[in-house]
Amino acid sequence: MIGNGLKPFPTLSDAGEEFPEIKMDFEMEEVNCPICEGSRGEPLHLEGSFQMVRCLSCQFVFLNPRPTSDSLFRFYQQYLPEEESSIESWQRMIEPVFKKAANLIQQYKEKGELLDVGSGFGFFLSEMKNRGWDVMGVEISQKAVAYGREVLGLTIHPGPMEKVSLPDNYFDAVTGFYVIEHLRYPMAFLGECYRVLKPGGFLLLRYPHTTPIKNLLQLLGIKNRLYDLPAHLSDFSPKMIQRCLERIGFRKCQHLIGGYTLPSDLGKRTASILFGGFSEALFCLSLKKILLPGVSKTIFAFKEGRA
Ligand SMILES: [Zn+2]
């Protein structure tokens, strides 16, 4: 850790006039690269007071300094929507991505044991349960855990994952939708996923890739908060995520566009359909060669061994 200490951080009043102020004080810490431990980075983009840097050794893009573990835990207790109507509109938005992922999983295995890390309210677990899978979730938001348990009747452990004693070689599938970009130790997370998977089991991750769009918008002089800092701590490129998975031992990594979300706001919805549809079409027409930068991706990877 650079500077080996915690820094008090001011209220984020300079977050930018165009954007709502983030009403929380964060205690910040400077860190080395979460992937290669490199201590040298170059500033890449600013969002308010938050800075994304690029590691000079491995090119990983991450938030530095970043909120401490305690600050993040408090932040996540308010991260997901609470009102019933917001939860329902969130469900409608994410549903196409969940259905696509569920279909993909069933191409490899009809039924089995599934763990969803960062399971949120439990909608993906519910989808898989309805398809005959035995499902379990891990989630850091206490309100989301309560919703999944009480409203959907699911087994969800209050996370983080490393604090839940999960057995070795147990799950046929592990999934993580929009999780890895939130984690302080992404390599440890991938290692945990590998450990709990059966040989021949598979991991499905869904993640945003924002840096190419940030670069473009910067050229055009358009202010934005697309990195969603400090909720997101990093921005994986497809190449970087594959390299990390292979370093852990995962094999047969495959990328997919994997559908797109349907936000309730008409403008965002149209953009999502256009970009999502275009990137999906481009991916198919290029025989799975071209992954449009800047849209969310799904990666699928296998643990070695026979199922
Ligand atoms: Zn690095």
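This is a predicted model: local features need pLDDT of at least 70, side-chain atom pairs count only at pLDDT 80 or more; totals for chains, interfaces and linings use all residues.

Me: Okay, what order do the strands of the 4-stranded open sheet come in?

Reply: The order is S3-S4-S5-S12, and the pairing is antiparallel.

Me: Which strands stand at the edges?

Reply: Those are S3 (41-47) and S12 (234-235). Each has a single partner strand, so one side of each has no neighbour in the sheet.

Me: How many bridges are there between S3 and S4?

Reply: There are 6, and the two strands run antiparallel, with S4 covering residues 50-55. Within that pairing, Glu-47 sits opposite Phe-50 of S4, and His-45 has Met-52 in S4 as its bridge partner.

Me: Switching to S5 now. How many bridges does S4 make with it?

Reply: S4 and S5 (residues 61-63) are joined by 3 bridges, again antiparallel. Arg-54 faces Val-61 of S5 across that pairing.

Me: Which residue takes a positive phi in the hairpin of S4 and S5?

Reply: Gln-59 does, with phi near 75 degrees, and that hairpin has 5 residues between its strands.

Me: Last one: where do side chains point in a regular strand?

Reply: They alternate between the two faces of the sheet.

Note on methods: Residues are numbered from 1 along each chain as its sequence is written. Two strands pair if DSSP finds at least two bridges between them.
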